[in-house]
Amino acid sequence: MDLARLVELNALYARVIDTEQFEEWPKLFHDPCLYKVTTADNVAKGLEGGLIYADTRGMLEDRISSLRKVNIYEGQRYRHIVGLPTVLGQSGDAAEVETPFLIVRIMREGQMDIFATGCYRDKVKPDPAGALRFSERIVVCDSRRFDTLVAIPF
Amino acid sequence: MDIRYEESTTVWPEDSLARVPYWIYQDEANYKREMERLFEAATWNFVCLEADIPNKGDYRTNQVGELPVIVVRDSDGAINCFENRCAHRGALIAFDDGGNVQNNFKCIYHAWSYDLSGNLRGIAFEKGINGPDGVMRGGMPKDFQRDRFSPRKLRTATLCGLVFVTLSPDTAPIEDYIGAEVLGRIRRVLNRPIRVMGRFVQPLPNNWKLYVENVKDTYHASLLHTFLATFRISRLTQGGGVLVSPDGGSHSSYTIAIPEGANAGAYKEQQIRTDQDGKFALADPSVLDSVEEFGDHIQLQILSVFPGFILQQIHNCLAVRHVVPRGVGKMDLVWTYFGFEDDSPEMNRRRLKQQNLVGPAGFISMEDGCVGGFVQRGTAAAADHVSVIQMGGSTAESQETRATEASVRGFWKAYRRYMGY
């Protein structure tokens, strides 16, 4: 797997969220897919539940339409700092990849906090047009604590 | 000195369950009194699930208010609880979330040890130690009485796989404490062995009571949460009601899956924001794909046990929540998602999807994460003003409607009794 393509995918992923182009976010996934936000504790104990759990692109789209149209939360945005990917395995044109991340949350009034750190555990493969997309992205957060609420995906 | 403020911290402004002063969420001295008079007094406090500690020596740590405790399974299968504080210098005896010990806990500071009941059993070098000259020096005095220096012990009670503890010898049996009506609603859900599915902690920027009130507030649910109103998970126009325990402290609200009939247009007529029926739709409605699980058409049940335990059933999404105070203006909400041991793969998948409704990122629950902070901030300069809690009257009895704040008033009824207000 070409590292540059993985870095490019991760950069695009972070950019669509941090610049609030949320509608572009589901397009980075295959359909069906698996997107889950969980914690290192839950993974270690074999607990399957997620903070967010989506197994279709439609469920990802619903996250976005919900945060855009109906959910109530205070204005905030994220700044993702995404580290370098490690390719853990490869078969054909699909790869398993792990990439560390850090998310700073910037609140409406300017308060900045380290909101989450962890690693993305991904399965990626090209779509029919050749663009690399996620068939699986498990967001494994280092901490079990999620301050106040999580409206925007990690 | 601000004398008026001093007075306000001990006097209830009006003798009414429908008026609550805002200093109650702000006052440091009051917060300390709550630890003594509520959490460390004659209340039952949730500490863990029986499923967390199935085998001898399995233990979990938790807090009763701010009192750190260890809950452990003894060799005879009983569950013991004692203060997580070494009798020697006061260090935590166990400093992790849980685990397994063989026969004793050993404090890491000076290696004093405790049996599974919390009795002080061993003191390192208790008799002193031999010097190079063969003379024994140091050690504890000969008349030191170990059995007088153990951490405080708490009584334990188990109920449908839930473990509660109390520091007081006077607390009523847990069944009486909860009351028959609410107890029946716990048994309704926790009717067979459970399976933990995930744990998350949600720190909230508000006093702990604001969250407990939110849980008991049947009035707000479909007015704040678009998902509840739009997708008819719970509307005030659907069947349902609220049960309040005789002492007011515990409650169970419920929504019944029956059509709204003549009231179907009520949310539209009042132009309620959360009614987005026909305007907001899901691309993949499988998140709401539910099955009748308990055979009684109750599609939503929210239940609390005073002071800080919550049991939730929203369709097939089940969780317990534990309210942990973290100072006067902060708290942790500890979520444990669960299913049952006999869940089919389809039911497991259904629960995983419905868990999107709850927790820190829940389509419903995220909004409860921020409203408490809005009240905490909104009342910053209003210590001597009062909250108006009068929907459905001024009393705290069970009602066959949720357009009421009866169970919120029930909370204050119990709170004032414990606190002496």
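1. Let's start with A:C119. In this predicted model, A:C119 is buried, with a relative accessible area of 12%.

2. What about disulfides? A disulfide is a covalent bond between the sulfur atoms of two cysteines. Over all chains the count is zero. A:C119 is in no disulfide, and its nearest cysteine sulfur, in A:C141, is 9.2 Å away. The cut-off for a pair is 2.5 Å.

3. Now look at the open spaces. The largest pocket has a volume of about 710 Å³ and is lined by 34 residues. Nearest its centre are A:R144, B:R60, B:T61, B:N62 and B:D97. By class, the lining has 15 nonpolar, seven polar and 12 charged residues.

4. The second largest pocket holds about 500 Å³ of space. Of its 25 lining residues, A:R105, A:D147, A:T148, B:P205 and B:R377 lie nearest the centre. Which element gives the most to this lining? It is α10(B), with six residues. Other elements that supply at least two residues include β5 (94-107) of chain A and β14 of chain B. The classes here are eight nonpolar, seven polar and 10 charged.

5. How many cavities of 30 Å³ or more does the whole structure have? The search finds two. The largest cavity has a volume of about 250 Å³ and 23 lining residues, with B:H220, B:A221, B:L228, B:L300 and B:I302 nearest its centre. The largest share of the lining, three residues, comes from α5(B). Eight of the lining residues are nonpolar, nine polar and six charged.

6. The second largest cavity holds about 70 Å³. It is lined by 13 residues, and those nearest its centre are B:F39, B:N45, B:F46, B:G308 and B:H322. The strands β2, β3 and β19 of chain B each supply at least two lining residues. A detail to check on screen: this lining has eight nonpolar and five polar residues, but no charged ones.

Note on methods
Residues are numbered from 1 along each chain as its sequence is written. Chains are lettered from A and ligands numbered from 1 in the order in which they are written. This is a predicted model: local features need pLDDT of at least 70, side-chain atom pairs count only at pLDDT 80 or more; totals for chains, interfaces and linings use all residues. Side-chain values use heavy atoms; hydrogens and water are left out. Buried means under 20% relative accessible area, exposed over 50%, partly exposed in between (1.4 Å probe, protein chains only). On a 1 Å grid over the protein atoms alone, a cavity is a set of points where a 1.4 Å probe fits but cannot get out, and a pocket is an open set with protein on both sides within 12 Å along at least five of seven lines; lining residues have an atom within 4 Å of a point. Grid points are joined across faces, edges and corners, and a volume is the space filled by probe spheres set on the points. Ala, Val, Leu, Ile, Met, Phe, Trp, Tyr, Cys and Pro count as nonpolar, Asp, Glu, Lys and Arg as charged, and the others, Gly among them, as polar. Helices (H or I, at least four residues) and strands (E, at least two) are DSSP runs, numbered from the N terminus.
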